[in-house]
Amino acid sequence: MASLWNVLRQEVVEAVEEFREKGAMGVLQDVASDAQDLVSDAGGLLQTSQAAVLRVPGKLVPGLSAQLQLPNGSFQQAEILEVLEGGGSDGPKARVLLQDGSELLVPVLQEQA
């Protein structure tokens, strides 16, 4: 318990020192910058793209590969990781794994086989 109290006390001392050095606006700018970095990093893990579309001939099943049509018109193989059924006019979306290891959330165009 004492070590927890010491850690907490040290964090408070460091926060007060940071306010003294940078001022309130400087600290808020740091917080905003850190938050932007966190959102940017999280967005890189799972992006939503309306420009790319997953073209699936037949049934939409996790584990299968399908053609992902990119905004420039080229195609790339992608593995379907998860299917998210959309409500209303949204239609289904799929979380896919790209060849470079990144994940993307894309709308699905189910084509007639």
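1. R95 and E103 form a salt bridge, with their closest N and O atoms 2.8 Å apart. The term means a side-chain nitrogen of Lys or Arg within 4 Å of a carboxyl oxygen of Asp or Glu. E103 is partly exposed, at 25% relative accessibility. The cut-offs are under 20% relative accessible area for buried and over 50% for exposed, with partly exposed in between (1.4 Å probe, protein chains only).

2. A note on provenance. This is a predicted model, in which local features need pLDDT of at least 70 and side-chain atom pairs count only at pLDDT 80 or more, while totals for chains, interfaces and linings use all residues. Residues are numbered from 1 along each chain as its sequence is written, and side-chain values use heavy atoms, leaving out hydrogens and water.

3. R95 also forms a salt bridge with E82. Here the closest N and O atoms are 3.0 Å apart. This pair links distant parts of the chain: R95 sits in strand β5 (residues 93–97) and E82 in strand β4 (residues 75–84), 13 residues apart. E82 is partly exposed, with a relative accessible area of 32%. Shared partners join E82, R95 and E103 into one salt-bridge network.

4. The structure holds three salt bridges. One of them pairs K22 with E18, the closest N and O atoms being 3.3 Å apart. Both residues lie in helix α1 (residues 2–45); they are four residues apart, so about one helical turn separates them. K22 is partly exposed, with a relative accessible area of 42%. E18 is partly exposed too, at 30% relative accessibility.

5. W5, L8, V12 and V16 make a nonpolar surface patch of about 390 Å². Patches take residues with over 30% relative accessible area and no salt bridge; nonpolar side chains (Val, Leu, Ile, Met, Phe, Trp, Tyr) are joined within 5 Å, like charges within 9 Å. V12 is found in helix α1. Its relative accessibility is 46%, so V12 counts as partly exposed.

6. Now the overall layout. The protein has one helix and six strands. Along the sequence the pattern reads α-β-β-β-β-β-β. Helices (H or I, at least four residues) and strands (E, at least two) are DSSP runs, numbered from the N terminus.

7. Buried residues make up 21% of the 113 residues. The protein exposes about 8,000 Å², and carbon and sulfur atoms supply 57% of that area. Accessible areas come from the Shrake-Rupley method with a 1.4 Å probe; for residues, only the protein chains shown count as cover.

8. Among contacts (heavy atoms within 4.5 Å) with a separation of 6 or more, 33% join residues 24 or more positions apart.
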